[in-house]
Amino acid sequence: MKKVYSIVITEKLQPCADFYTYHFAFSVVFQEDWYVHLVHEASGAELAFMAPNSANQPPQLHAAYQGAGIVLSIEVDNAEKEYRRLTKSQDCDIFLPIKDEPWGQRHFMLSDPAGVCVDVVEQRDSGGQAT
């Protein structure tokens, strides 16, 4: 295996590409009207978006993502700093404010334009306190 990345089927290809390039420093490495592929240069992370009902895909892939059942975790060095940065943006739907978890994470959650839950996580020691 060389790599693993997710492809989210959505009609919102460009808004998703814009969201991840603007807010999380991904770069577009391939784009067509039916598909966009993103790479984060520093981490090597990859993420892709594909339009539903693409003629070049099997029928099982024709339905768009319905906004439940996927969490995309983005690990950062400082969740508080990212939270402050993203709360200033008008296009970030933060639905879980920043909090510390008893298992040692500090995190917050927001939705991307396709409805994917994005969990921005800072790994801390396991002695953290829940808030």
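The largest pocket of this predicted model has a volume of about 470 Å³. Here a pocket is an open set of points on a 1 Å grid over the protein atoms alone, with protein on both sides within 12 Å along at least five of seven lines, and lining residues have an atom within 4 Å of a point; the volume is the space filled by probe spheres (1.4 Å) set on the points. Of the 21 residues that line the largest pocket, F26, H40, S43, I74 and E75 are the closest to its centre. The largest share of this lining, 4 residues, comes from β5, and the classes are listed below.

| Class in the lining | Count |
|---|---|
| nonpolar | 9 residues |
| polar | 6 residues |

Strand β7 (residues 105–111) runs antiparallel to β8 (residues 117–123), joined by 7 bridges, and M109 stands opposite D119 in β8.

Residues are numbered from 1 along each chain as its sequence is written, and side-chain values use heavy atoms, with hydrogens and water left out. Local features need pLDDT of at least 70 and side-chain atom pairs count only at pLDDT 80 or more, whereas totals for chains, interfaces and linings use all residues.

Key: Pairing = 2+ DSSP bridges. Helix = DSSP H or I, 4+ residues; strand = E, 2+ residues; numbered from the N terminus. Nonpolar A, V, L, I, M, F, W, Y, C, P; charged D, E, K, R; others polar.
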